[in-house]
Amino acid sequence: MLKINDINVYYGNIHALKGVSLNINPGEIVTLIGANGAGKSTLLKTISGLLKPKTGEILFEDEYVAGKVPQLIVKRGISHVPEGRRVFANMSVEENLELGAFLRKDKKGIREDFEKIYGLFPRLLERRKQLSGTLSGGEQQMLAMGRALMARPRLLLLDEPSMGLAPLLVKTIFRIIEEINQTGTTILLVEQNANMALSIANRAYVIETGKIVASGTAEELGQSDQIRKAYLGGH
Ligand SMILES: Nc1ncnc2c1ncn2[C@@H]1O[C@H](COP(=O)(O)OP(=O)(O)O)[C@@H](O)[C@H]1O
Ligand SMILES: [Mg+2]
């Protein structure tokens, strides 16, 4: 579904992604694990068209998308939930969700998706008239995910959805990620919380200072001594 071949991404002189290659098959949950500053967000921003690789290719469903503008990439079927949620604080929950559908014209489909998203996140239904800036961190994460789903993506990019959330909410968010996947959406999940991410993923990649240093099934990586030491608290 997604094929990234040997991309190099720079911020000025900073070489942030160094020959990164990665594949995602339809229906999978793939997780990208790495420490702070490793290049995880840079990779997601490059996939969604916010950054342009200097060299290398990105194919989504056999079409070259590297360097295309973000709107086109959303239209093709990729939605990105950025790190730190970034909801529009002065707009209501419902208005934020409407924005997620701004490229669509199928009114009936949009109405159905509102129902679906409120079914997935009952909290958002209760708070649909509330200003988004007054939501809790967990609720804002739900809203950011709901807004991304309003574009009806086939591939959903999630950047550290568990960041800053209480353990119980982290569990809820991960359960909902699995639910979204089960309804047919493929997922690339970026996380520092490697334990949780490996527990729901099919496959995983590990990134260190801009390079992929390991990959395999979630089970394989979860059992690797090296990975356990570096990312799973060494137990
Ligand atoms: N806008 C930017 N300008 C310059 N350097 C950046 C910028 N954004 C990120 N970087 C650098 O690129 C590297 C990767 O960052 P990032 O992708 O945000 O890492 P992660 O998401 O894994 O924490 C880091 O060294 C970071 O300092
Ligand atoms: Mg990041």
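How many residues has helix 7, and how far does helix 7 reach from its first C-alpha to its last? In this predicted model, helix 7 covers residues 167-182, which makes 16 residues. Its reach is 23 Å, close to the 22 Å expected at 1.5 Å a residue.

**Helix 7 and its surroundings**

Val170, Ile173, Phe174, Ile176, Ile177, Ile180 and Asn181 are buried in helix 7. Viewed down the helix axis, these buried residues fall within an arc of 160°, so they line one face of the helix. Leu168, Lys171 and Gln182 sit on the other side and are exposed.

The buried residues of helix 7 pack against several elements. Among the helices are helix 4 (107-120), helix 6 (137-149) and helix 8 (194-200). Strand 3 (29-33), strand 7 (155-159) and strand 8 (186-191) are also packing partners. Just after helix 7, Gly184 takes a positive phi of about 110°.

**Ligand 1**

The residues surrounding ligand 1 include Ile14, Ala16, Ala35, Asn36, Lys40 and Ser41. Strand 2 (14-24) and helix 1 (40-47) each supply at least two residues of this shell. Helix 1 gives the most, with three residues.

| Residue | Protein atom | Ligand 1 atom | Distance |
|---|---|---|---|
| Tyr11 | side-chain N or O | nitrogen | 3.5 Å |
| Gly37 | backbone N or O | oxygen | 2.7 Å |
| Thr42 | side-chain N or O | oxygen | 2.5 Å |

Taken alone, ligand 1 exposes 560 Å². The protein buries 61% of that area.

Methods:
Residues numbered from 1 in each chain as written. Chains lettered and ligands numbered in written order. Predicted model: local features only at pLDDT ≥ 70, side-chain atom pairs only at ≥ 80, totals over all residues. Heavy atoms only, no water. Helix = DSSP H or I, 4+ residues; strand = E, 2+ residues; numbered from the N terminus. Expected span 1.5 Å × (residues − 1). Buried < 20%, exposed > 50% of the residue type's maximum accessible area, 1.4 Å probe, protein only. Arc of directions from axis to C-beta. Contact = heavy atoms within 4.5 Å. Near = heavy atom within 4 Å. Polar contact = N/O pair within 3.5 Å; in protein donor to acceptor, adjacent residues only side chain to side chain. Areas by Shrake-Rupley, 256 points an atom, 1.4 Å probe, with all protein chains shown as cover.
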